[in-house]
Amino acid sequence: MTKGLLKNLRRAFGLFILIPLSFVVIRNKRKWAFGSNMGFTGNAKHLFIFTKNRYAGIIDSIWVTDKRAEYQKLKHRGMPVVYKWSFMGLLTALTAKVYLYNSYVSDINEYTYGHVTRVNLWHGVALKHIERTKTRPEKKYITRNPFLKLRYFRFLIRPTFVLTSSPTETELFARSFAVEASNCIEGTYPRNEILHLSKADLNDYIKENEYDSSVVDLLERIKGYDHCIIYMPTWRDSGRNFLDQINLDLTLLNETLKTIKACMIFKLHPATKLDVDLSLLSNIIMIGSDIDIYPIWPFTDCLLTDYSSIYFDYMLMKDRRIILYIPDFKEYTSGDRDFAFPFEESVEGEKIYDFEELIHSLRAWPETIKESDPVLMKKFWDPKVIGNEALVEYIASQIGLKLDQRP
């Protein structure tokens with residue numbers, strides 16, 4: 001059976017069987033399904049780990065994945081996991097009362113959304129316009145063609161709740177997802193909770209919850225360097241090869257890293273192509289898109305990025321350097337994405353506009369790191385619901401589940 005035929009059969013089954021069924025089945029308030037289209041990572045992953053450990057016997061936490069390799073690895077580690085299109089996967093999606101996901105309801109299952117409390121944990125503080133608020137909105141949100149609406153319907157299923165980080169972000173997210181501000185939970189991001197663990201506790205967390213040795217191997221590799229920089233540029237919506245435009249001389253960069261006894265971890269978007277053999281560069285390490293970088297961050301002391309929202313997460317750690325390398329600022333702002341907030345006023349850190357300046361900045365490593373501006377912090381991080389436990393309790397209260405009572 002071809003992939004195309006299988007996909008069409010699955011769509012027909014979903015549209016005509018699963019969707020109607022999802023509105024009549026009895027759902028279990030104690031069964032919560034977690035998932036992510038980005039793999040075992042993000043807010044959904046870390047809230048899943050917390051919930052299955054903290055509320056074992058009270059909440060039945062299940063990870064849902066459409067990636068067979070991920071399913072096998074998690075199953076091998078003893079995690080409660082189901083494959084999305086298996087019988088158990090469909091049964092989980094049809095009987096769980098709560099979906100918690102990083103992007104869209106399709107992270108769990110778009111055909112089983114009836115009478116589900118859908119909690120979109122999203123994947124970052126929004127500095128740029130997202131979803132429905134983009135200046136150049138995507139076709140899926142503006143089309144009147146009924147066939148296109150059917151094709152994109154998974155994106156049009158609104159969440160019951162959206163996790164935001166402050167009142168400022170709530171205003172933007174409410175418009176972006178077409179929900180009321182009252183449906184936004186202003187809370188802390190589950191993935192950021194581990195940033196405050198001690199190194200010993202974080203090492204234990206990694207060993208217990210990572211499904212392979214990738215993170216452990218990476219942490220072992222970066223030992224012995226005076227500095228560890230992680231480079232995480234954002235994706236360009238235009239699809240242009242921005243690496244060619246920002247004049248990144250990797251050979252010179254590698255020599256500079258040697259000089260300051262530093263290494264640099266490259267974490268690029270999966271669609272970004274880097275036409276260089278990094279194995280020839282001793283101090284530059286490329287990691288796969290499937291590696292969760294949040295357990296790695298506390299072992300680094302500098303973030304090199306551009307317009308990525310991960311900037312706001314990294315600023316939560318103290319004594320960390322942030323460099324914003326933005327030589328294509330004009331191209332990005334005119335052809336890729338429009339900012340929801342003025343860029344210059346919304347981010348701190350060293351703003352660098354050409355490669356020579358970047359090299360000079362790396363060589364002149366500062367002895368002290370300036371603390372984040374509390375006013376700026378409050379603009380983007382001002383949660384009412386603080387911590388994973390408070391977030392789970394809030395969601396439980398919304399569905400009438402008492403967490404102090406075991407079944």
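The side chains of Glu138 and Lys140 form a salt bridge, with N and O 3.0 Å apart. A salt bridge here is a side-chain nitrogen of Lys or Arg within 4 Å of a carboxyl oxygen of Asp or Glu. Glu138 is partly exposed at 26% relative accessibility, while Lys140 is buried at 9%. Buried means under 20% relative accessible area, exposed over 50%, and partly exposed in between, with a 1.4 Å probe and protein chains only.

This is a predicted model, in which local features need pLDDT of at least 70 and side-chain atom pairs count only at pLDDT 80 or more, while totals for chains, interfaces and linings use all residues. Residues are numbered from 1 along each chain as its sequence is written, and side-chain values use heavy atoms, with hydrogens and water left out.

| Pair | N to O distance |
|---|---|
| Glu138 and Lys140 | 3.0 Å |
| Arg191 and Asp313 | 2.7 Å |
| Arg321 and Glu350 | 2.6 Å |

Arg321 belongs to strand S12 and Glu350 to strand S13 (residues 350-352), so this pair ties together parts 29 residues apart in sequence. Helices (H or I, at least four residues) and strands (E, at least two) are DSSP runs, numbered from the N terminus. Arg321 is buried at 3% relative accessibility, whereas Glu350 is partly exposed at 26%. Salt bridges with shared partners also join Lys45, Glu210 and Asp292 into one network.

Two residues stand out by their backbone angles. Most residues other than glycine have a negative phi. Trp122 has a positive phi of about 55°, and phi of Asp319 is near 55°. Trp122 sits in the loop between strand S5 (117-120) and helix H5 (139-142) and is buried, with a relative accessible area of 5%. Asp319 sits in the loop between helix H13 (310-314) and strand S12 (321-325) and is exposed, at 59%.

The largest pocket has a volume of about 1,200 Å³. Among its 40 lining residues, Met38, His123, Thr234, Trp235 and His269 are the closest to its centre. A pocket is an open set of points on a 1 Å grid over the protein atoms alone, where a 1.4 Å probe fits, with protein on both sides within 12 Å along at least five of seven lines; lining residues have an atom within 4 Å of a point. The volume is the space filled by probe spheres set on the points, which are joined across faces, edges and corners.
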